[in-house]
Structure formats: structure tokens, C-alpha cells
Amino acid sequence: MPELPEVEALREYLDEHLTGRVVERVLPLAVSVLKTYDPPPTALEGQPAGAVARHGKFLALRIGELHLVTHLARAGWLRWQDTLPEQPPRPGKGPLALRVVLQGGGGFDLTEAGTQKRLAVYVVHDPQEVPGIARLGPDPLAEDFDRDAFAALLAGERRQIKGVLRDQSVIAGIGNAYSDEILHAARVSPFKLASSFGEEQITQLHAAVRGTLREAVGRAHGIAAGKLKAEKKSGLRVHGRAGEPCPVCGDTIRSVSFADSSLEYCPTCQTGGKPLADRRLSRLLK
């Protein structure tokens, strides 16, 4: 799933390549992709594109007086093309969900792999009309997301820290992969209760949140949209690397599997050397 660093890189890429171009056609090709119907996608046609904004994992493209907002979900992606095929695409064929054609040639496709169709597109007057954006918590890279603001979010939280970091209504933009990376950098168990953090641990975790995301954004800066997935994978230290040695201590990275996802961690760095049991069977490890 694209998370804050990849979506920020896409925002930068689109800001550079899209701003000032005029939309010629908008072609929704998957029935499930459009979540709004008024204004219709055709209202974007003939309108110039303006600045591109990011809200957590959402991209908001200003086009005329409207906004084309998308959330790429788990298996969605944006593919820029300098030249588009002359033949219009056929609905229901392959992963293509929506195409935006620009005057003068080129444009971009929104695609989604797999059978779970969660890619979402909205045409709205204001991005805050999108329910997922309206409920977002603060952006962890915002200037006012300081240590005290982070501490206030954790106060009274009785959930495991892994789940808190992934909750978009608490902090916007962090998903499964970067929550693993942040917790490894902070040397914290993913099962530790958020409310149990001491003052020093809060400071350490806040620094890990900011540092991990800033580093990832820096790596992704200037990379073409089509290469961002590979860059993300190559930069991860623990997520998706079960069975490999920890780059910090050399211990074997372990995994805990869930119904539709998994987490990865280093026992030596994060859990005092204790392997975490299956979440459904174990007590919480602090």
C-alpha cells in the first residue's frame, strides 16, 4: 500500500508534470472506482490543472474549481504516460480503473491489481467533503507535530502502539510498512500499550516517526512514479524481511501474521529477545 512517503513523491511528481495542463477527457473504466457522482467527472474536462495536495494517503488534484481526489488503497497505483494510446480503453479490461487525458498528449492512469477493489476517486468542490479526509488526524511531518502534540495523542490510549500509529484518525499517512520501520527505529515492541510510554520513550518514538518518514520522503524525492514501489521496498529495514538479519544487531527478523497482513520486528532490538506469539493467542508483550 502506498503510504505517506510514496504519496508525497507522487504529489511532487504530479505538481511538476500536471500543473498548468488542461484536462481533455476523464474516463472512468471500473464501476467501483467513482465514489461521487455530482459533480460528474465530465465537469473536469476543459479545465486547467492547478496545485496538487496531499492529505495523509489521499491525493487531491485541483482542476478548475473542483478537486479530483484519489486514495490508492492497498493495490492501486498512478501511472503517468507521456503518450497515451489513440484507441480509448475498454471498460472492465485489466487493472485500468480511470484514465485522465490531457490536451496536447499524455496523461495518467489509475490502476488497481487484484480482486479487492478499494481504489477510490472523488470529484468534489472541497477535499474536506471526502469522509476519509475529514476524519484525518494531524500530518506527522507538519511543523506543529511536535513532541508534546504527539504525547497528547498517546495519552489515555489503551491500544497497542502498532494499531495507534496506523489509525488515520490519530495520525495521517502511516500504514503497515512504515509503522514497522518506526517501531524498529524506536526499539519498541509493536504490542506495547500506547498509554504505557514513559516521557523518554515518547520522545524517542516521536523522533523515530519524524526521522523515518523524512528519510523515506528524501529517498523518494525526484523518483519517477513507476519506480517508487521498488524504491520503497529497497529502503525498508524490517518490514517484509522476515528471516533476514536485522541491519542493527544481526538477529533474525521475525513476523506475526494476521488475517490479511503481517508485521515484522527484531526481537533483540524491540522485545528484549522474546519472540512475539500469535496475536490471537498471546498476552500483550510490553
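Trainee: What volume does the second largest pocket have?

Mentor: About 210 Å³. Keep in mind that this is a predicted model. Of the 15 residues lining that pocket, Glu24, Leu84, Pro85, Glu86 and Val101 are the closest to its centre.

Trainee: Which strands each supply at least two residues of that lining?

Mentor: β1 (23-28) and β6 (96-102) each do.

Trainee: And how do the lining residues of the second largest pocket divide by class?

Mentor: Seven are nonpolar, four are polar and four are charged.

Trainee: OK, what about the largest pocket, how much space lies in there?

Mentor: About 1,100 Å³. Its lining is made up of 43 residues, and those nearest the centre are Met1, Lys57, Arg166, Gly175 and Asn176.

Trainee: Which elements each supply at least two residues to the lining of the largest pocket?

Mentor: On the strand side, β5 (76-81), β8 (120-124) and β10 (262-265) do. The helices α4 (161-166), α5 (176-186) and α7 (228-235) each do as well.

Trainee: How does the lining of the largest pocket split by class?

Mentor: There are 15 nonpolar, 13 polar and 15 charged residues.

Trainee: Then what are the angle and axis distance for α5 and α6?

Mentor: The angle is about 125° and the axes are 8 Å apart, so α5 and α6 are oblique to each other. Their crossing is right-handed.

Trainee: Which residues meet there, between α5 and α6?

Mentor: From α5 you have Tyr178, Glu181, Ile182, Leu183, Ala185 and Ala186. They meet Gln204, Leu205, Ala208, Val209, Thr212, Leu213, Ala216 and Arg219 in α6. By class, the residues of this contact of α5 with α6 come out as 10 nonpolar, two polar and two charged.

Trainee: And α1 with α6, at what angle do they pack?

Mentor: Helix α1 (residues 4-18) packs against helix α6 (residues 199-220) at about 40°, with the axes 9 Å apart. That pair is therefore oblique, and the crossing of α1 and α6 is right-handed.

Trainee: Which residues meet in the contact between α1 and α6?

Mentor: Leu4, Pro5, Glu8 and Ala9 on the α1 side meet Leu213, Ala216, Val217 and Ala220 on the α6 side. The contact of α1 with α6 has seven nonpolar residues, no polar ones and one charged.

Trainee: Nice. What about α3 against α6, at what angle do they pack?

Mentor: Helix α3 (residues 147-154) and α6 pack at about 110°, and their axes are 10 Å apart. That makes α3 roughly perpendicular to α6. Once again you have a right-handed crossing of α3 and α6.

Trainee: Which residues of α3 and α6 meet?

Mentor: Arg147, Phe150, Ala151 and Leu154 from α3 meet Glu199, Ile202, Thr203, Leu205, His206 and Val209 from α6. By class, this contact of α3 with α6 has six nonpolar, two polar and two charged residues.

Trainee: Last topic, the backbone. Which residues does a cis peptide bond join?

Mentor: Asp38 and Pro39, with omega at about 5°. You'll find Pro39 in the loop between β1 and β2 (49-55).

Trainee: And which residue has a positive phi although it is not a glycine?

Mentor: Ala73, with phi at about 55°. Ala73 lies in the loop between β4 (66-71) and β5.

Trainee: Why do you pick out features like these?

Mentor: Because most residues other than glycine have a negative phi, and most peptide bonds are trans.

Conventions:
Residues numbered from 1 in each chain as written. Predicted model: local features only at pLDDT ≥ 70, side-chain atom pairs only at ≥ 80, totals over all residues. Heavy atoms only, no water. Axes fitted to C-alpha atoms, helices over the stretch in contact; angles between N-to-C directions. Helix = DSSP H or I, 4+ residues; strand = E, 2+ residues; numbered from the N terminus. Parallel < 35°, antiparallel > 145°, perpendicular 65-115°, else oblique. Left-handed = near helix turned anticlockwise from the far one by under 90°. Contact = heavy atoms within 4.5 Å. Nonpolar A, V, L, I, M, F, W, Y, C, P; charged D, E, K, R; others polar. 1 Å grid on protein atoms, 1.4 Å probe; cavity = no way out; pocket = protein on both sides within 12 Å on 5 of 7 lines; lining within 4 Å. Points joined across faces, edges and corners; volume = space filled by probe spheres on them.
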